[in-house]
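Visitor: Please take a close look at the aromatic rings in this chain. How are they paired, and where do the partners sit?

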Amino acid sequence: MNKDKEKPPEPLDFFIWTVEDVGLWLEEINLGSYRQIFKENGVNGEYLESMSMFTTEQILRFIRKCHMKWGDFIILCKELRRIKVACLKGEQKIRRPWWAPRCLSVVFIKAAKCNRQSRVVSLKLEP
């Protein structure tokens with residue numbers, strides 16, 4: 001594995017994180033003990049983003065499935081909220097995806113800014 005893959009993922013991109021990105025993030029927020037169980041359950045960024053719309057029953061099912069302590073689940077939710085607020089405030093650096101050719105950097109940055117604006121609207125609508 002190369003060194004870049006071991007760095008925690010960029011928060012701006014949390015909704016497109018892979019299962020591996022989520023694992024690195026869990027390590028960063030001191031919840032690394034859940035890394036394997038999240039991987040086994042396919043918890044990626046899209047899944048994390050959808051958690052804000054979970055019903056109480058879905059939350060309890062997730063906690064049981066991942067064998068999470070209630071306090072750890074609260075930490076997870078607080079950290080997710082912190083990332084969303086950082087995105088809302090525009091504090092995250094926009095970067096070109098690693099797989100995109102350099103000649104398309106401007107295109108990807110414009111698309112990311114548009115995407116950020118639509119994400120901000122959805123964040124404001126969250127309870």
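**Aromatic pairs**

Guide: The chain has an accessible surface of about 8500 Å², and 57% of it belongs to carbon and sulfur atoms (Shrake-Rupley method, 1.4 Å probe; for residues, only the protein chains shown count as cover). The model is predicted: local features need pLDDT of at least 70 and side-chain atom pairs pLDDT 80 or more, while totals for chains, interfaces and linings use all residues. Residues are numbered from 1 along each chain as its sequence is written, and side-chain values use heavy atoms, without hydrogens and water.

The chain comprises 7 helices and 0 strands (DSSP runs, H or I of at least four residues for helices, E of at least two for strands, numbered from the N terminus). Of its 127 residues, 34% are buried (under 20% relative accessible area; exposed is over 50%, partly exposed in between; 1.4 Å probe, protein chains only).

Rings of Phe, Tyr and Trp (its six-membered ring) pair if their centres lie within 6.5 Å; planes under 30 degrees apart are stacked, over 60 edge-to-face, the rest tilted. The rule gives 7 aromatic pairs. Tyr-47 and Phe-54 are edge-to-face, because their planes stand at 85 degrees, with centres 5.6 Å apart. Tyr-47 is partly exposed at 21% relative accessible area, and Phe-54 is buried at 18%. Tyr-47 also pairs with Phe-62: the centres are 5.7 Å apart and the planes at 35 degrees, so this pair is tilted. Tyr-47 lies in helix H4 (residues 45-50) and Phe-62 in helix H5 (residues 56-65), so the pair ties together parts 15 residues apart in sequence. Phe-62 is buried, at 1% relative accessibility. One aromatic cluster is formed by Tyr-34, Phe-38, Tyr-47, Phe-54, Phe-62, Trp-70 and Phe-73.
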